[in-house]
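Trainee: Please take one part of this model and examine it closely. I would then like that part to be set beside other places in the model.

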There are 2 protein chains.
Amino acid sequence: MSNYTAKEIHLVSRPTALPTTENFKLVETELSPPGPGEVLIDQRFLSVDPYMRGRMREDAVYADAYQLNHAMYGGAIGEVIESGSDKFKPGDIVLNGGAWRDRILAKDKTLGLIQPFDPEQLSLYLGTLGMPGLTAYVGLLKFGEPKEGETVFVSAASGAVGANVCQIAKLKGCRVVGSVGSDSKAKWLQEECGVDAVINYKTCGKLTPALMQAAPEGIDVYFENVGGEHLEAAINVLNPFGRITACGMISGYNEAQPGPRNMMLIVGKKLRISGFIISDHGDMQSQFLADMEAWVRDGKIKSKETIIEGVENAIDAFLALFSGDNFGKMIVKI
Amino acid sequence: MSNYTAKEIHLVSRPTALPTTENFKLVETELSPPGPGEVLIDQRFLSVDPYMRGRMREDAVYADAYQLNHAMYGGAIGEVIESGSDKFKPGDIVLNGGAWRDRILAKDKTLGLIQPFDPEQLSLYLGTLGMPGLTAYVGLLKFGEPKEGETVFVSAASGAVGANVCQIAKLKGCRVVGSVGSDSKAKWLQEECGVDAVINYKTCGKLTPALMQAAPEGIDVYFENVGGEHLEAAINVLNPFGRITACGMISGYNEAQPGPRNMMLIVGKKLRISGFIISDHGDMQSQFLADMEAWVRDGKIKSKETIIEGVENAIDAFLALFSGDNFGKMIVKI
């Protein structure tokens with residue numbers, strides 16, 4: 001009595017370095033109609049994010065590890081098709097945890113109703129208006145504490161998190177320096193987002209002198225997305241009482257990175273380094289959404305998305321996050 | 001018309017690794033009698049501290065670099081012999097910045113009158129009741145924020161700063177684990193100071209498993225005096241939302257240390273690392289002295305000192321800080 005089929009991506013082996021297509025498998029499965037409290041959802045947009053790499057490890061620390069031979073999961077936006085819940089009706093647009101598949105049977109208490117300020121920009125709720133945007137907002141404002149006139153350095157600056165950090169910092173009156181891996185990303189940040197200086201880390205030579213040149217008065221806040229050489233350079237160039245806010249270190253997700261050799265400077269410069277995971281900061285969600293929707297509506301925050309179509313291409317979309325082939329938020333459209 | 005002579009230790013070349021006696025010179029100099037606002041002081045006790053190694057570098061970051069061919073300086077306690085100031089009279093005991101010499105002509109505004117709670121324990125004002133004690137108090141309470149029942153890990157745990165951190169943490173209801181370099185230091189911490197577990201880092205093998213064994217429920221606060229392998233082990237064993245408070249990293253003062261290879265864990269574990277320099281926290285001095293004098297008077301805080309006599313032996317006293325040959329606060333008695 002199955003009426004529906006779904007395509008899901010399963011994790012079939014744990015990658016030890018950069019994941020390959022061998023680690024994943026596309027599986028077709030059958031779904032029953034929704035029972036009481038259940039909702040059947042056709043996905044519209046799936047999110048693939050760097051943090052998912054951590055969940056592929058057996059000893060995942062960010063969040064629970066994905067189980068082998070089960071569908072992976074993560075943020076997604078879909079439309080309710082059939083409902084066994086009195087909270088949702090067919091046609092409702094819901095944020096759900098069922099990425100990596102095109103259709104899902106979900107419990108109603110795991111869903112959030114989206115009332116988009118613009119139905120044409122629904123996918124923003126996986127990026128600028130979703131988890132990456134909240135990560136930027138909380139990480140910069142709560143842990144970075146930038147003051148007007150200070151300099152903020154952002155790595156992976158055109159990424160889903162980084163581009164929002166750059167623009168929020170500009171709105172707070174900061175000078176902003178970004179680091180990216182291509183000239184087209186640099187151009188977009190400077191011309192569209194008002195970022196003051198951008199370093200292309202692939203062509204700039206040694207990062208510390210390049211950062212000193214881009215930020216001659218030093219930096220006061222470093223928003224850490226990358227780790228490795230970026231972290232060491234930031235510590236070198238931070239001013240006394242500088243803050244590092246760290247939501248991820250993508251350079252180390254697939255292979256171990258040497259540690260920063262200049263940790264001793266955190267004493268002499270009185271630096272503070274704060275790691276955080278966004279799921280601990282749901283209390284800032286409503287304030288974030290009010291601010292961010294207004295900034296997007298007023299054109300003060302721009303968003304860039306790379307959209308790949310089809311659940312079967314979600315693996316390629318995910319792998320592109322590590323090669324730098326994406327530009328802005330990576331979205332899988334169903 | 002010089003009435004007085006003084007012996008001073010000058011820095012004559014900048015050490016590039018572990019300093020040697022070649023970097024220093026004992027110089028005899030003449031002092032005039034005090035003019036208006038000046039005070040002549042016979043030193044009783046000189047402090048030698050690890051941070052002074054940083055001032056021997058041309059690019060000192062902690063504090064201004066020592067000048068070549070001038071007397072070095074640092075905390076000292078002396079008795080006023082002659083005074084051209086209406087603020088101090090002969091016989092007054094004063095805290096002053098004139099270490100590394102046996103007699104100094106000082107401006108009155110650079111001096112602090114000491115009213116010792118016990119004249120027999122004057123040297124404590126260079127240790128437990130002085131800068132190292134304040135460093136322990138501020139670093140642990142302001143930046144470490146230990147809660148009752150939490151576990152605090154302290155490196156260089158029998159040192160001038162570390163021994164106070166251990167005992168303040170015990171007074172705050174924490175479980176305390178220390179790391180030291182000899183069994184006699186371990187014994188003193190456990191038997192005299194009530195420290196719950198002590199690791200001898202020279203004999204324990206790999207530090208991470210040793211720390212896991214000493215702190216089976218993980219650590220919540222790490223008080224960092226050492227750097228290098230200690231920092232990496234602490235990051236490995238810290239619990240979520242753990243705090244690292246760093247006032248120094250002595251293992252890196254004379255030779256570069258590799259950075260911690262596990263910095264990525266600060267994100268997943270939501271750690272906070274705070275570097276600080278005690279001179280920024282003078283606002284906590286009176287609260288510190290009130291608490292600490294009471295704790296010492298009541299026998300709740302024990303102090304260990306290594307006393308070396310004679311200004312000409314100050315260099316050996318300083319060098320012993322890096323070999324671990326000292327035990328507790330190193331004091332030079334004049």
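Mentor: In helix 2 of chain A, the residues A:Gly133, A:Leu134 and A:Tyr137 meet A:Gln285, A:Gln287, A:Phe288, A:Asp291 and A:Trp295 of helix 8 of chain A; contact here means heavy atoms within 4.5 Å. The residues of this contact divide into four nonpolar, three polar and one charged. In that scheme Ala, Val, Leu, Ile, Met, Phe, Trp, Tyr, Cys and Pro count as nonpolar, Asp, Glu, Lys and Arg as charged, and the others, Gly among them, as polar. Helix 2 spans residues 131–144 and helix 8 spans residues 285–297, and the two pack at an angle of about 105° with their axes 10 Å apart. The axes are lines fitted to C-alpha atoms, for helices over the stretch in contact, and angles run from 0 to 180 degrees between N-to-C directions. Helix 2 of chain A and helix 8 of chain A are therefore roughly perpendicular to each other, a term for angles of 65 to 115 degrees, with under 35 roughly parallel, over 145 roughly antiparallel and the rest oblique. Helices (H or I, at least four residues) and strands (E, at least two) are DSSP runs, numbered from the N terminus.

This is a predicted model, in which local features need pLDDT of at least 70, side-chain atom pairs count only at pLDDT 80 or more, and totals for chains, interfaces and linings use all residues, while side-chain values use heavy atoms, with hydrogens and water left out. Residues are numbered from 1 along each chain as its sequence is written, and chains are lettered from A and ligands numbered from 1 in the order in which they are written. The mean pLDDT of chain A, the predictor's confidence in each residue from 0 to 100, is 94, and 99% of its residues reach 70 or more. The model scores ipTM 0.92 and pTM 0.93.

Also in chain A, helix 6 (residues 229–237) is mostly covered, with seven of its nine residues buried. Buried means under 20% relative accessible area, exposed over 50% and partly exposed in between (1.4 Å probe, protein chains only). The buried residues of helix 6 include A:His230, A:Glu232 and A:Ile235. Among the elements of chain A that cover them are strand 9 (175–180), helix 5 (207–214) and strand 12 (238–246).

The largest nonpolar core holds 53 residues, of which A:Ile219, A:Met263, A:Ile266, B:Ile219, B:Met263 and B:Ile266 touch the most other members. Such a core is a set of buried Ala, Val, Leu, Ile, Met, Phe, Trp, Tyr and Cys residues joined through side-chain atoms within 4.5 Å. Beyond its neighbours within four places in sequence, B:Ile219 is in contact with residues including B:Phe153, B:Leu211 and B:Val237.

B:Glu145 lies in the loop between helix 2 (131–144) and strand 8 of chain B; its phi is near 45°, a positive value in a residue other than glycine. B:Glu145 is partly exposed, at 38% relative accessibility. B:Ala156 sits in the loop between strand 8 and helix 3 of chain B, and its phi, near 50°, is likewise positive. Most residues other than glycine have a negative phi. B:Ala156 is partly exposed, with a relative accessible area of 31%. B:Ser158 also lies between strand 8 (151–154) and helix 3 (162–171) of chain B, but B:Ser158 is buried, with a relative accessible area of 5%. Leaving aside its neighbours within four places in sequence, B:Ser158 contacts B:Lys185, B:Trp188 and B:Phe327, among others.
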